[in-house]
Amino acid sequence: MAGLLRYVAVRLALAVPTLLILLTVVFFVLRVIPGNPIVAMVGMKAPQEYVEQLIKEAGLDKPLYVQYFDYLAQVFTGNLGRSLIFGRREVVAEILDRLPATVELAVASFLVSVALGHLFGFLAARFGGWVDSGARVYSMVAYVLFIPFLGLALQLVFSVWLGLFPVAGRITPGLEPPRITGLYVVDSILAGRLDSLADALWHLALPSFTLGLVLSGVFTRLIRNNMVKTLSEDFVAAYRAMGFGEWAVLWKAYRAAIVPTVTMMGLQLALLLQGAVLTETTFSWPGLGTLLLERIQYLDYTTVQGTVVVFVVIVVLLNVAVDIVNALLDPRVRKGV
């Protein structure tokens, strides 16, 4: 137990420099972009005195290094500041409004990617031949698909031509369930609103399938390779010699093959957040991705920085969680610390 705690402490300590580097890059990149957020908010024709007053209130008149250290002090004390536009709302409130939508999309997409990847990988290892070749081609094509292109193509076919799914949005107006967690699927279940649940899943289907399909290629290749390797192991031959049925042997081989995928599953969760930005934009999904792109257009420094902070913290925590799971599954990992 002491070894595991030491391992977790080391991983968390190593995550701090990563967080600091990313926050620094975001801060200075935003300042390099031409334009002024205050001018973008009030317009070019606003009185100069009024613009200067707003710049001073926002702290943008201070030297750059002072702004930088003020920013770091705010972040590491949990204060993400206020938006420079749109009523000067607290950035935390802006993020909490949008975060549930991104979480819901990411979780649904992750389930789709795992289901598709494991299914095709299993079938490829089981049947071989043209099935295996098709699965390998699928894994390569899926991985290089451009999310906006795939999303627009699916919208055109299934929304415009066939009318099976909505083009955009998260739920039909008027069917929103009472806000409990902010996750429409969960809130609909908790409130017993089957109409809201069906509508939320209907809106979620196409964007989650789009993102999940792209990420499923990695799982397909990984499961297929692990299954092929596992089926050649001695214990599989021993099970067959003991008279186990083919499907029972395949199930035992599959269970052994999925253990190395734990790390990849955690890394894919981090990639989901990156893909969510493109997916949300394509499907007008009101999550952190659309918030980020909207505020970049307005040069809303504080909201952009706060949103990136949330993304970075989630990715870092996911990576640490993956390391912890690996340490639990393989004691050799934590003994190396």
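**Notebook: helices and their neighbours**

I began with confidence in this predicted model. In the protein, helix H15 (residues 331–335) has the lowest confidence, with a mean of 53, while helix H8 (residues 184–191) has the highest, at 96. Across the protein the average pLDDT is 86, and 94% of the residues score at least 70.

**Entry: H8**

I stayed with H8 and asked which of its residues are buried. I found Tyr184, Val185, Asp187 and Ser188 buried there. Next I looked for what covers them, and the cover includes helix H5 (91–127) and H9. Just after H8 I noted Gly192, which has a positive phi of about 70°.

**Entry: H6 against H9**

I learned that two packed helices are described by the angle between their axes and the distance between the axes. I looked up both for helix H6 (residues 129–144) and helix H9 (residues 194–231): their axes come within 7 Å and cross at roughly 140°.

Which residues meet here? On the H6 side I listed Asp132, Ala135, Arg136, Tyr138, Ser139, Met140, Ala142 and Tyr143. On the H9 side I listed Leu213, Val214, Ser216, Gly217, Val218, Thr220, Arg221 and Arg224. Sorted by class, this contact of H6 with H9 has eight nonpolar, four polar and four charged residues.

**Entry: H5 against H13**

I then turned to H5 and H13, whose axes come within 7 Å and cross at roughly 135°. H5 and H13 are therefore oblique to each other. From H5, I found Glu94, Ile95, Arg98, Leu99 and Thr102 meeting Leu288, Gly289, Thr290, Leu291, Glu294 and Arg295 of H13. By class, I noted four nonpolar, three polar and four charged residues in the contact of H5 with H13.

I checked burial in helix H13 (residues 288–297) too: Leu288, Gly289, Thr290, Leu291, Leu292 and Arg295 are buried. After H13 comes Leu299, with a positive phi near 55°.

**Entry: Ala40**

My last stop was Ala40, which I found in helix H2 (residues 37–42). Why does Ala40 count as partly exposed? Its relative accessibility is 38%, which lies between the cut-offs of under 20% for buried and over 50% for exposed. I also looked up Ala40 with Tyr298: they are 258 residues apart in sequence, yet 6.0 Å apart in space, C-alpha to C-alpha.

Methods
Residues numbered from 1 in each chain as written. Predicted model: local features only at pLDDT ≥ 70, side-chain atom pairs only at ≥ 80, totals over all residues. Heavy atoms only, no water. pLDDT = per-residue confidence, 0-100. Helix = DSSP H or I, 4+ residues; strand = E, 2+ residues; numbered from the N terminus. Axes fitted to C-alpha atoms, helices over the stretch in contact; angles between N-to-C directions. Contact = heavy atoms within 4.5 Å. Nonpolar A, V, L, I, M, F, W, Y, C, P; charged D, E, K, R; others polar. Buried < 20%, exposed > 50% of the residue type's maximum accessible area, 1.4 Å probe, protein only. Parallel < 35°, antiparallel > 145°, perpendicular 65-115°, else oblique.
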